[in-house]
Amino acid sequence: MEFNHINFDTYFKHYPDENGYFGKYGGSYISADLQKAMDEITEAYFTICKSGKFISELRRIRKEFQGRPTPVSHLERLSNSLGNVQLYVKREDLNHTGAHKLNHCMGAALLAKYMGKKKVIAETGAGQHGVALATAAAYFGLECDIYMGSVDIKKQAPNVARMKILGANVVEVTHGLATLKEAVDAAFEAYAREYKDAIYCIGSVLGPHPFPMMVRDFQSVVGIEAREQFVGMTGELPDAIVACVGGGSNAAGFFSGFLNDPVDIYGVEPLGRGPKLGDHAASLKYGTEGIMHGFNSIMLKDENGDPAPVYSVASGLDYPSSGPEHAFLRDCGRVKYDVVNDDDTIDAFFALSRMEGIIPAIESAHAVAYGIQLAKQLKKGSVLINLSGRGDKDMDYIIEHYGIR
Ligand SMILES: *Cc1c(COP(=O)(O)O)cnc(C)c1O
C-alpha cells in the first residue's frame with residue numbers, strides 16, 4: 001500500500017534508516033560519551049532481536065508473566081447506545097501492572113541481561129514508567145535507579161511506594177522546577193557516568209536512536225495481536241483504529257500492525273482546557289519542528305524556543321513533544337492526528353465504566369472519547385480502540401475533581 005510515495009509493504013525495512021531517521025525526524029543529538037553508549041545498545045539490539053533464544057524467552061515471559069495475549073472486547077452496550085457502528089477495545093488494561101508500558105520494559109530489561117548489565121536507569125514523571133521498569137528489574141534481578149522530581153514524588157506517593165516495594169531506588173531530583181524535564185536530564189547524566197554497568201530505559205518512543213525504534217518494536221506485539229484477534233472475531237479488518245498519543249508508545253505499537261492495511265488510523269492528543277499554549281499537550285497539532293531530549297521531532301516551544309509548559313488531565317500525556325515516527329506518519333498522511341479535551345475525556349471515562357464495566361486510565365479515555373465521536377459520524381462499520389491502561393491509578397483524582405456522577 002502506498003501513501004505519498006511511502007511504500008508500506010516495506011516500511012519497517014526503511015523506517016527508521018540506519019541513523020535512526022523517520023524522514024527528517026528522529027536521529028541522535030547527544031554528547032560523544034552518550035553516543036558511545038547508544039551505539040553499544042543499538043548493536044546489541046540488532047544482534048539480539050534476530051536471536052531465536054531472545055525471541056522465545058520474550059514470548060514465554062509475555063505469556064507466563066504478563067498474561068498475554070490480552071483480549072479484544074466488543075463494547076456492545078456502548079455501541080448500541082450510539083447507533084450502528086461497532087466499537088471494540090484492545091485490553092492493555094489487562095496486561096500485568098495495568099498498562100502497555102510493561103511490554104517495552106520487559107524487552108529492555110531482557111536486553112540489559114543479555115548485555116551483561118547489572119542496572120537499569122530511567123526517569124519518571126507520573127511514576128507509571130518507573131513502576132513498570134521496577135517490575136521488570138525485580139523479575140530479572142537487576143538494580144533499578146528511577147530519577148524523579150521532588151514535586152512529582154510528593155504528588156505521586158502511591159507510585160513511589162510501589163517502586164520502593166519492588167526494590168527500586170527512587171532518586172530525588174531537586175533542581176529547577178523539579179519535575180519531569182529535570183528528571184530526564186539527571187537520568188541522562190547518571191547514565192553517561194554509569195553506562196558500563198547500566199542501560200537506560202526510556203518511557204516511550206522518544207529520545208535518541210535506537211529508542212524510538214526499539215520501544216516501537218517491543219510494543220508492536222499490541223498491534224500484531226489486535227489485528228489477528230479482530231479478524232478472528234469478525235472475519236474482517238476494522239474500518240478505523242484509534243489510540244491516544246503522549247510520547248506515542250502505545251499508539252506506535254498498535255498502529256504498526258495496521259499500517260499496510262486499508263484501515264483509517266487516528267492518533268489522539270490531549271487538548272486539555274483548550275488551544276492556548278500551556279493549556280494542552282497537543283504537540284503534533286500545534287507544535288513546530290525542533291530538537292529536545294536528544295531527537296528531532298515536532299514540539300511545543302515557549303518564546304525562547306525551549307520546551308513549553310504543557311497540561312492535560314492525564315498526567316501520562318503531558319509531554320511537549322511526540323515520537324519522531326508520529327511526526328513522520330503525520331506528514332506523509334498515513335495517520336490522522338486529532339485532539340480531545342478534558343471534558344469529553346471524562347464523559348468517555350464514565351461512559352465506559354458505566355456501560356461496559358471497564359474503568360479506563362484517563363489517558364486511554366481520550367481514545368475512547370474519539371472512538372465515540374467516530375461512531376456518531378460514521379453511521380456504520382467498526383472502530384478498534386487501544387485501551388492503553390486501567391484507571392485504578394486515577395480513582396482519587398476523579399473522585400476529588402468530578403465526584404461520582
Ligand atoms: C504512559 C501512558 C500513556 C502515554 O504514553 P504513550 O507513550 O503515548 O503510550 C498512555 N496510556 C497509559 C495508560 C499510560 O500509562
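Trainee: Let's begin with Ala178. Where does it lie?
Mentor: Ala178 sits in the loop between strand S9 (169-173) and H9. Helices (H or I, at least four residues) and strands (E, at least two) are DSSP runs, numbered from the N terminus.
Trainee: And what is the phi of Ala178?
Mentor: Positive, about 55 degrees, although Ala178 is not a glycine. Most residues other than glycine have a negative phi.
Trainee: What kind of model is this, and what are the ground rules?
Mentor: It is a predicted model: local features need pLDDT of at least 70, side-chain atom pairs count only at pLDDT 80 or more, and totals for chains, interfaces and linings use all residues. Residues are numbered from 1 along each chain as its sequence is written, and side-chain values use heavy atoms, with hydrogens and water left out.
Trainee: Which peptide bonds are cis?
Mentor: One joins Tyr15 and Pro16, with omega about 5 degrees. Another joins Arg68 and Pro69, with omega about 0 degrees.
Trainee: Where is Pro69?
Mentor: In the loop between helix H3 (52-66) and strand S5 (72-75). Pro16 is in the loop between helix H1 (11-14) and strand S3 (21-22).
Trainee: Switching to helices. At what angle do H2 and H9 pack?
Mentor: About 80 degrees, with their axes 9 Å apart. Axes are lines fitted to C-alpha atoms, for helices over the stretch in contact, and angles run from 0 to 180 degrees between N-to-C directions. So H2 is roughly perpendicular to H9 (that class covers 65 to 115 degrees).
Trainee: Which residues make the contact?
Mentor: Leu34, Ala37, Met38 and Ile41 of H2, and Phe188, Tyr191 and Ala192 of H9. Contact means heavy atoms within 4.5 Å.
Trainee: Now the ligand. Which residues come nearest?
Mentor: Of the 17 residues around the ligand, Lys101, Ser204, Gly248, Ser249 and Ser388 come nearest. The shell takes residues with a heavy atom within 4 Å.
Trainee: Which helices supply at least two of the shell residues each?
Mentor: H11 (249-256) and H15 (362-378).

Definitions and conventions:
Parallel < 35°, antiparallel > 145°, perpendicular 65-115°, else oblique.
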